[in-house]
Amino acid sequence: MTRYLVKRTLWALFVLSTVVSAVFFLVHVAGDPAAVALGPRANADAIRDFRRIKGLDQPQLAQFGSYLGVSPCVRRDSPDFHDGAGYCGLLQGSLGTSYTHREDVAAVIGHRMPRTLLLGVMAMLFELLFGVTAGIVAALRRNTWADTGLMVLTFAGISVPTFVTGPIALFVLAFLLGWFPMGGYGVGFWEHVRHGLLPSMILAVGGAATYARILRGELVETLRMDYVRTAHAKGLAPRTVVVRHALRNALIPIVTLLGLSLPGLVGGAIITEKIFNWPGLGMLTIEAINKLDVPIIMATVLMFGVLVQLGNLLADVTVAALDPRIRVGERG
Amino acid sequence: MTPSTPRSRRHAEGALRRALPGVLLTLAAVCCGAYALTHIPERPQGPRYVGAGNATPRTGGTFVFGAGSDLHSLDPHIAYDANSYMAIRLVFDGLLDYDEQGQMVPSLASAMPEVSEDGRTFTFHLREGVLFHESPVFDGPRELVAEDVRWSLERLLHPDTGSPGVSFFARLRGFDDFRAGRTPHIAGIDVRGRYEVAFTLDQADQTFLSAMAMVFAYPVPHENYEHHIAQGDPGAVERNPVGTGPFVFEAWERGVQLTFTRNKRYWERNRPNPDRMVLIEQLSGETAVGRFSNGDLDVLTSLPAVHYLFFKHAPAWAPYMAEEPEATIRGLCMNTGMAPFDNVHVRRAVAAAIDREAMRVMAQGRALPAGQILPPMIPGYDPGLPSLQRYDLARAQEEMRLAGYPNGIEEPVTAWIGEGQGSLVAAQLWGANLERIGIHVEYRQVAFSVYLEETGKPGQAQLFPSAWNMDFPDPSNFLEILFHSQNIHPTASENRSFYRNPELDALLDQARGEPDRERRLALYRQANDIVSRDAPWAFLSNDLGAELWQPYVMNYRPHPVWSNDYRNVWLDLPRVRVADSTYTEGATP
């Protein structure tokens, strides 16, 4: 197991460094960050100042060096900047200063991460609540109207994108009926939760539908297994058989999916955040890309990279723990 | 189960029994859905609340407004966008400001400055007894003095500040020496007493007062900057503004909202104002419209097309809606350094070929047809301009013939356009117009960042839509920035048509220093005529801004210079909830 983990970590580091360098050089093909950060009204003087202050007048390779922190810091307004010869950068744990937010990138992300996490966790709860319930009902009432109805619904849930359901829900449920707040984030934890209800439900539609379909399939298979029949034969209550014996095994693929959904959870549902004015990481990422805010783009890329790697690893490890048939690093 | 029942029927009965709950459930869901759909309320047609009817202006209440994006900086030296200005103008004052008619008036200055005979020295006297907001960065009450004006301008112009507003002050004496680090102070700023400061220019410049009225020149207290530098986080000053304005900055929950409280020590006494101001970030589109209709938002400034049409045709909203032309010019920029637009006749043909009325219709009436660089409210605008650009297909074809292309241009022209479906659709409209005079357009849609970079380089982009919005209401801000040849650079040119005309340059230089207002405007009218005739741009439209406010928001009208300026509003509270029938039917309350 240890060898496996070391191997996975090394592989993850390789992937991350490739992604970081590729994105760093690609972003600079997309235009001049100075011109974009200062806007279309900025004049040549101002752009020159900005390029000098941010080190954008240096050669690309030197910029990459200072981004990594292997050459002296060029971001003079960075909190890490001391005397012009100081080192600051990724390897020293600094993500730099945002061009547009004009604040330490770690602080900017720190503001938004909890918001996105809240939305993600709420969405995950709704996914599990609706998905697992619908999956169990459909499997137990297999080939009935309930089953067919649910499966049609889940099919619709998977097919209709959030940019369709979101605005409709906002207009009808929030605006016309007034059941939910009109987007936004609110002030205070319970206000955040209240504002998060509608977006997280919309966000959960796709996931819940997927879980319901997968769980139904698994459960139908499992209910046919010999050990389930044995449990029935022993005279156990049908409820105990389903919950204790069948459901437990049928949930394994759901656990895998949950692990894989981790990056999406933290990365923020970009479209949902935009529709509901939820000030999370998704919206931050979009704006950073539009405004060529390179430090933010790099930080989000790095974060998503780490999360994808972590999510995969987590899914592998959990499944191995849950399913005795999977054993890592053993030949046989 | 009796043996006499046929097997198949038994099966059918069993299936039916098993399916029954499902069928009932589905039926119930359909019924619920149908009920909900038929009982969804209609869209309300009028305001939810009206004012209490106070006869005299009153102080108090909370005013809620929104910005379509995040705010980025509350440092007057750094911010350069309308959203940030909404907040900055609550917290800070300038020496000069504009009144509701757009006339320049003294604000922190006790009177308009004295101008010397040669037009090169401006002496300001400050209002006495103006206090900065209470703040831990001060030891006690802190008065605004002339030294603050000097410190603020030097901080603004220092190369390490990276301000986008530097060039507006370039004619100050000693500007270059200071910027190059050769002198610690700007020679042209002279503090002559506690409340007196004089500015001396190298050359006469009639735009200097306009520059001094810009947000960039708002005085800031140096203690605030020193405090955050000492704390090791110099950037924090941009999130913790301390000024002299009518509202004190309270808190900023990043990406969510900013709050301000009324400045009880404001120098202008007895001002009725709300006690609190709340600025919600990232509020746009449907959510803004919904909140405004519910009465949770006090002004509505961003109107998606469908909602614009709704409000425009809702009689109950008519008294609370304003549509005003904005000081924005939109047009088609032609690179005069590249074929075929190096040929003035081709440019004139383009300017005459575009049907501006069709563009107005496509923008639901929010694009007013234009034919010259200056928007109507800018001095120097000339409704009878001899060379006014207008749609005239026959003249366009004649110009194509004069250009030597009677049968059109074989080589297609590449138009660079920014991202978004809207810009592509608009481009296809004028593209179709150009097709009719034999100019074939190929569209190159790129990210805004790429558009911005490539159109600023000479010899790169042939044709592209462009827009300019004023910094201050003066013709130089349009003509000089966009068409003076000094604004052509290898990258990031302001003059993106790369138009070079020594005659125009001389005219603009002369106009900038001309002290006599009438003579000065005559020079700009001449320049306006040249630019319109030579057509480095096809001038197409001025924006028509639309905004709404709640019936209980008093003393608000769109400001001619500042967009969304809420310094003078007061709230007619307690507001009264209108009857549901009035609300949904939209009778004028």
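**Exercise 1.** Leaving aside its neighbours within four places in sequence, which residues is Gly196(A) in contact with?

*Solution.* A word on the model to begin: it is predicted, with local features needing pLDDT of at least 70, side-chain atom pairs counting only at pLDDT 80 or more, and totals for chains, interfaces and linings using all residues. Residues are numbered from 1 along each chain as its sequence is written, while chains are lettered from A and ligands numbered from 1 in the order in which they are written.

Step 1: apply the contact rule, C-beta atoms placed from the backbone and lying within 7 Å. With those sequence neighbours set aside, the partners of Gly196(A) are Leu118(A), Leu119(A) and Met122(A).

**Exercise 2.** Decide whether Gly196(A) is buried or exposed.

*Solution.* Buried asks for 20 or more other C-beta atoms within 10 Å, exposed for 12 or fewer, and partly exposed falls in between. Gly196(A) is buried because it has 24 C-beta neighbours inside 10 Å.

**Exercise 3.** Describe the side of chain A that touches chain B.

*Solution.* Step 1: count. Chain A gives 52 residues to the contact and chain B gives 52 residues.

Step 2: sort by class. That side of chain A holds 28 nonpolar, 13 polar and eleven charged residues, where Ala, Val, Leu, Ile, Met, Phe, Trp, Tyr, Cys and Pro count as nonpolar, Asp, Glu, Lys and Arg as charged, and the others, Gly among them, as polar.

Key
Two residues are in contact if their C-beta atoms, placed from the backbone, lie within 7 Å.
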